[in-house]
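Student: I would like to work through a structure with you. Could you take me through some of its helices and residues?

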Amino acid sequence: MTAAEQNLTIDLDLAELRAVTAFSVACAEPALAIFERECPEDPRPRAVLDEAHRFAAGGKRTKALRVTSLDAHRAARAARESGREAAFEAARAAGHAGASAYLHPLAKATQVLHILGAAANAARAFELEAGDDPAVGAGYVEKFAGLAGPVVVDVLKRYPDAPGGGRRAGELLRTLDASLRSRSVL
């Protein structure tokens with residue numbers, strides 16, 4: 001990518017950001033049960049999903065949304081440090097759901113994480129919960145692809161393809177990215 005391409009901006013409006021956030025919350029929310037079962041004393045991932053719900057339903061992008069998103073990522077690190085990998089992925093999914101409200105209008109592949117990160121981490125959480133079964137992760141990617149409406153797909157297609165890396169969650173993200181990009185937008 002040239003320097004000029006790296007500075008390109010994407011047109012985004014508030015309704016589109018709300019749609020992306022609603023999609024991210026819908027993907028992250030089912031995995032929250034994994035986190036809460038493994039870390040019942042930690043309310044941080046639930047708090048960010050509550051804030052993201054408010055934004056998606058028409059609320060403002062508040063400082064609380066940004067703070068709770070960062071807190072959910074801190075909860076993820078704490079879960080990983082205690083050896084709870086499925087809880088780690090579930091908390092990251094929640095953190096990404098909150099961060100999706102802050103999708104930047106820069107034409108960079110890394111921004112795809114704001115759109116699809118919650119889905120990829122949630123799929124990985126379910127995969128780990130099922131004994132690291134890749135078929136489970138693939139099934140959730142397919143399920144989450146079905147949740148992505150035309151607005152989410154249209155926004156995604158404005159950005160470059162998902163970046164490399166990210167281990168297994170990154171693979172799931174790229175699989176979802178390719179699946180959604182293959183759709184025609186109405």
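Predicted model: local features only at pLDDT ≥ 70, side-chain atom pairs only at ≥ 80, totals over all residues.

Student: At roughly what angle do the axes of helix 8 and helix 9 cross?

Tutor: The axes of helix 8 (residues 150-157) and helix 9 (residues 167-181) cross at roughly 105 degrees and come within 10 Å. Helices here are DSSP runs of H or I with at least four residues, numbered from the N terminus. Axes are lines fitted to C-alpha atoms over the stretch in contact, and angles run from 0 to 180 degrees between N-to-C directions.

Student: Roughly parallel or roughly perpendicular, then?

Tutor: Helix 8 and helix 9 are roughly perpendicular to each other. That term covers angles of 65 to 115 degrees; under 35 degrees counts as roughly parallel, over 145 as roughly antiparallel and the rest as oblique.

Student: Which residues make the contact?

Tutor: Helix 8 contributes Val153, Leu156 and Lys157, and helix 9 contributes Asp177, Leu180 and Arg181. Contact means heavy atoms within 4.5 Å. The residues of this contact divide into three nonpolar, no polar and three charged. Nonpolar covers Ala, Val, Leu, Ile, Met, Phe, Trp, Tyr, Cys and Pro, charged covers Asp, Glu, Lys and Arg, and the others, Gly among them, count as polar.

Student: Moving on to helix 7, which of its residues are buried?

Tutor: The buried residues of helix 7 are Gly137, Val141, Phe144 and Ala145. Buried means under 20% relative accessible area, exposed over 50%, and partly exposed in between, with a 1.4 Å probe and protein chains only.

Student: What is on the face turned away from the buried side?

Tutor: That face of helix 7 carries the exposed residues Ala135, Glu142 and Gly146.

Student: Now single residues. Is Val112 buried or exposed?

Tutor: Val112, which is found in helix 6, counts as buried because its relative accessibility is 0%.

Student: What does Val112 touch?

Tutor: Leaving aside residues up to four places away in sequence, Val112 touches residues including Leu156, Asp161, Leu173, Asp177 and Arg181. Val112 and Asp161 are 49 residues apart in sequence and 7.5 Å apart in space, C-alpha to C-alpha.

Student: Which value is positive in Asp132?

Tutor: Phi of Asp132 is near 65 degrees, a positive value in a residue other than glycine. Asp132 lies in the loop between helix 6 and helix 7, and its 42% relative accessibility makes it partly exposed.

Student: What about phi of Arg167?

Tutor: Arg167 has a positive phi of about 55 degrees, although it is not a glycine. Arg167 belongs to helix 9 and, at 68% relative accessibility, counts as exposed.

Notes:
Residues numbered from 1 in each chain as written. Heavy atoms only, no water. Helix = DSSP H or I, 4+ residues; strand = E, 2+ residues; numbered from the N terminus.
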